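Q: I have not looked at this one before. Can you walk me through parts of it?

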Amino acid sequence: MRSAADVWEKVKSLMEGSMTAVAIDTWFGDVEAVALEDTRLVLCVPTDFKRNIIRARFQSGVEAALKELFSFDVDVALLLPEERDAYAAQSSAPNPGGGEAEKYTFERFVVGSTNKFAFTAAQKVADEPGGAYNPLFIYGQSGLGKTHLLHAIANRVAQNHPGFRILYIQSEDFVNELIGNLRRGIDMQEFRNKYRCVDLFLMDDVQFIAGKDSSEEELFHTFNTLYEQKKQIVFTSDRPPHEMLRLEQRLRTRFEQGLSADIQQPDYELRVALLKNKAVERGISLPDTVLSYVADNITSSVRQIEGVVNKIMAFQELMGAQVDVETTIRAVRDILRAKENFLPSADTIVQEVARFYELDASALTGQSQNKEISTARNVAMYIIREMTQLSLAEIGQQFGGRHHSTVLNSINRVEKMMKDKPEMTEIIRDITNAVNSAY
């Protein structure tokens with residue numbers, strides 16, 4: 001899940017087990033997801049009356065669903081429409097507004113061999129903004145600490161340069177704000193001033209800009225304006241610039257003209273250090289046997305490691321259990337389950353493909369022969385074949401009872417496109433990552 005809206009939709013679906021569809025629609029139908037912070041989901045509620053009802057009756061249920069999703073506590077903040085603008089202004093800079101982002105400092109970043117280069121480069125940029133490493137491009141898989149480094153840079157710069165204008169933005173929020181302005185006919189100069197009149201510009205997950213023409217155009221000119229004024233620019237992404245095949249060449253070359261630094265999955269020593277660090281932060285002590293067991297089994301991300309410590313702590317508090325390997329296994333069983341044992345549903349894949357192509361999911365399973373819809377449908381069939389154990393005939397049933405030979409032809413078309421157009425391989429990768437993130 002990559003956005004607050006995705007998380008909010010997943011939360012509502014999880015709550016269907018304890019609430020009727022009518023109740024969910026009545027109380028949450030017009031509640032809008034505003035932002036997903038590190039440990040907080042921000043929602044906008046249309047009236048104070050509804051906010052009070054949600055707080056009194058439903059907030060604990062929402063937070064329970066969030067914990068089920070993330071395996072650690074995520075709070076819920078409920079804003080009224082008139083409070084939303086103030087929140088947006090505050091959240092555009094991670095440090096001056098205070099809050100959760102303040103805890104993401106260089107001092108609290110656990111350094112190891114797999115992230116030391118990116119850490120050192122980020123420190124250099126924070127100490128000398130607009131200097132040698134501009135732009136700084138940090139890349140690596142989700143959950144490895146890229147966002148932590150962005151906030152650490154912002155915090156250090158805000159400390160050393162109190163007068164600096166600092167702006168942090170998720171690329172999806174940049175895109176959504178641009179689209180909203182264009183649809184409402186708002187003067188674009190205000191939008192441009194917001195992003196081009198800053199001293200430090202930080203954009204998280206810039207890969208989502210790729211393929212969105214208007215957003216790429218605005219980011220290109222924003223980059224040029226800031227770069228020419230020697231303002232510091234920092235991007236994060238899940239891949240290096242040369243792998244962003246759908247990105248305009250002129251933007252790709254600008255990303256590459258500074259310094260690129262990768263963060264790899266933590267090795268064993270770093271995982272142990274992270275576990276110790278997170279445990280100390282939460283006031284618990286983990287025996288060496290537990291540290292070794294978790295470090296051997298949780299290998300993919302810092303975020304998972306943090307989730308494990310939170311779950312062990314909760315298990316200890318609620319069950320009064322001694323922290324040993326057996327207790328740890330019980331406490332984090334759902335996190336330790338092998339990913340490959342869980343297959344996404346065809347419906348999930350169709351939803352993610354539809355979201356990527358900005359189409360309604362029903363169009364993919366319908367009979368339309370529109371070129372864009374047909375391409376999206378073919379992609380959905382290909383990914384279902386790759387990620388599930390459904391037969392060709394069963395896949396056909398998911399798409400209005402299409403014959404297995406039609407499904408096979410669709411899959412063959414996508415495979416040919418992947419050979420002929422490298423951009424299609426990147427599209428498949430993006431959608432597959434989105435499907436995996438839903439679990």
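A: What follows covers a sheet, a helix pair and one serine. This is a predicted model, where local features need pLDDT of at least 70, side-chain atom pairs count only at pLDDT 80 or more, and totals for chains, interfaces and linings use all residues. Residues are numbered from 1 along each chain as its sequence is written, and side-chain values use heavy atoms, leaving out hydrogens and water.

Q: What is the strand order in the open sheet of five strands?
A: The order is S5-S6-S7-S4-S8, with parallel pairing; strands are DSSP E runs of at least two residues, helices H or I runs of at least four, numbered from the N terminus. Two strands pair if DSSP finds at least two bridges between them.

Q: Which are the edge strands?
A: S5 (166–170) and S8 (259–262), as each pairs on one side only.

Q: How many bridges join S5 to S6?
A: Five, and S6 spans residues 200–204. Gln170 has Asp204 in S6 as its bridge partner.

Q: Now helices. Which residues of H9 meet H10?
A: Glu216, Glu217, Leu219, Phe220, Phe223 and Asn224 in H9 meet Arg250, Leu251, Arg254 and Phe255 in H10. Contact means heavy atoms within 4.5 Å.

Q: Ser374: buried or exposed?
A: Ser374 is buried, at a relative accessible area of 15%; buried means under 20%, exposed over 50% and partly exposed in between, with a 1.4 Å probe and protein chains only.

Q: Where is Ser374 found?
A: In helix H18 (residues 371–387). Leaving aside neighbours within four places in sequence, Ser374 is in contact with Ser368 and Gln369.
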